[in-house]
Amino acid sequence: MKIKINKNLTIRENGPPTIIAEISANHLGKKSFFLNHIRSAAKNGADMVKIQTYEPQDITLKSKSKNFKINSGTWKGKYLWDLYKKAHTPFSWHYDAFKLAKKLNITLFSSPFSKRAVDLLEKLNVPIYKIASFEITDLDLIDYISKKKKPIILSTGMATLNEIKKAIKVIEKYHK
């Protein structure tokens with residue numbers, strides 16, 4: 001089996017491992033850090049860089065209700081909106097990120113968390129999608145992504161076997 005990602009990258013069953021560098025909130029809200037992470041991944045031999053595409057309104061409501069308050073961990077006492085506002089990668093940064101990745105000859109792709117995010121990524125000609133395990137039950141989003149007929153990495157860490165089967169069934173309506 002082989003999966004052609006783009007002109008620069010094909011993943012083969014018996015080929016070398018594909019190294020994916022992950023950029024999440026580790027840019028600390030600074031675009032320069034974000035772009036430098038892409039540069040560092042390319043310099044250090046990563047084949048691909050995976051980012052997340054969402055803005056707070058794609059994931060949660062701007063609510064101060066107790067249902068949206070974080071009860072434990074680093075963000076204890078804060079609200080989901082505040083977390084996602086601080087952690088997100090602004091859509092406006094994506095244009096420079098994809099431009100830089102192309103210049104550096106490294107494949108950039110993303111986990112989108114909404115149809116709005118998918119639409120942005122399509123404008124940027126993303127070659128592959130990753131569906132986050134938190135989104136594995138969002139069959140409407142999976143359907144929307146699958147219709148693009150691009151390779152998909154399906155994260156299953158948060159899923160039951162039944163949820164995985166349902167997601168795969170949706171994807172297989174459009175491609176393998």
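Q: Asp58 first. Buried or exposed?
A: Asp58 counts as buried, because its relative accessibility is 16%. Buried means under 20% relative accessible area, exposed over 50%, and partly exposed in between, with a 1.4 Å probe and protein chains only.

Q: Before we go on, what kind of model is this, and how are residues numbered?
A: This is a predicted model: local features need pLDDT of at least 70, side-chain atom pairs count only at pLDDT 80 or more, and totals for chains, interfaces and linings use all residues. Residues are numbered from 1 along each chain as its sequence is written, and side-chain values use heavy atoms, with hydrogens and water left out.

Q: Where is Asp58 placed?
A: Asp58 is in helix 2, residues 56-59. Helices are DSSP runs of H or I with at least four residues, strands are runs of E with at least two, and both are numbered from the N terminus.

Q: Which side chain does Asp58 have a polar contact with?
A: That of Arg116, at 2.8 Å. A polar contact is a pair of N or O atoms within 3.5 Å; within protein, one must be able to donate a hydrogen and the other to accept it, and residues adjacent in sequence count only if both atoms are side-chain atoms.

Q: What else is Asp58 in contact with?
A: Leaving aside neighbours within four places in sequence, Asp58 is in contact with Phe91, Phe113, Ser114 and Arg116. Contact means heavy atoms within 4.5 Å.

Q: Now Lys50. Buried or exposed?
A: Buried: the relative accessibility of Lys50 is 3%. Lys50 lies in strand 4, residues 48-53.

Q: What is the polar contact of the Lys50 side chain?
A: The side chain of Glu22, at 3.2 Å. Beyond four places in sequence, the contacts of Lys50 include Ile20, Phe109, Ser110 and Lys130.

Q: Let's switch to helix packing. What describes a pair?
A: Two packed helices are described by the angle between their axes and the distance between the axes.

Q: How do helix 1 and helix 4 pack?
A: Helix 1 (residues 31-43) and helix 4 (residues 91-104) pack at about 20°, with axes 10 Å apart. That makes helix 1 roughly parallel to helix 4. Axes are lines fitted to C-alpha atoms, for helices over the stretch in contact, and angles run from 0 to 180 degrees between N-to-C directions. Under 35 degrees counts as roughly parallel, over 145 as roughly antiparallel, 65 to 115 as roughly perpendicular and the rest as oblique.

Q: Left- or right-handed crossing of helix 1 and helix 4?
A: Right-handed. A crossing is right-handed if the near helix is turned clockwise from the far one by less than a right angle, and left-handed if anticlockwise.

Q: Which residues meet there, helix 1 to helix 4?
A: Lys31, Phe34, Leu35, Ile38, Arg39 and Ala42 in helix 1 meet Trp93, Asp96, Ala97, Leu100, Ala101 and Leu104 in helix 4. By class, this contact of helix 1 with helix 4 has 9 nonpolar, no polar and 3 charged residues. Ala, Val, Leu, Ile, Met, Phe, Trp, Tyr, Cys and Pro count as nonpolar, Asp, Glu, Lys and Arg as charged, and the others, Gly among them, as polar.

Q: And helix 4 with helix 5? What angle do they cross at?
A: Roughly 30°, and the axes come within 11 Å. Helix 4 and helix 5 are therefore roughly parallel to each other. Helix 4 passes helix 5 in a right-handed crossing. Phe91, His94, Tyr95 and Phe98 in helix 4 meet Arg116, Ala117, Leu120 and Leu121 in helix 5.

Q: Tyr95 again, then. What does Tyr95 touch?
A: Leu120 and Leu124, not counting residues up to four places away in sequence. Tyr95 is partly exposed, with a relative accessible area of 43%.

Q: Last topic: loops. Where is Asn125?
A: In the loop between helix 5 (115-123) and strand 6 (129-131). Asn125 is exposed at 59% relative accessible area. Its phi is positive, about 60°, although Asn125 is not a glycine.

Q: What about the phi of Asn105?
A: Near 60°, again positive in a residue other than glycine. Asn105 is in the loop between helix 4 and strand 5 (107-112).
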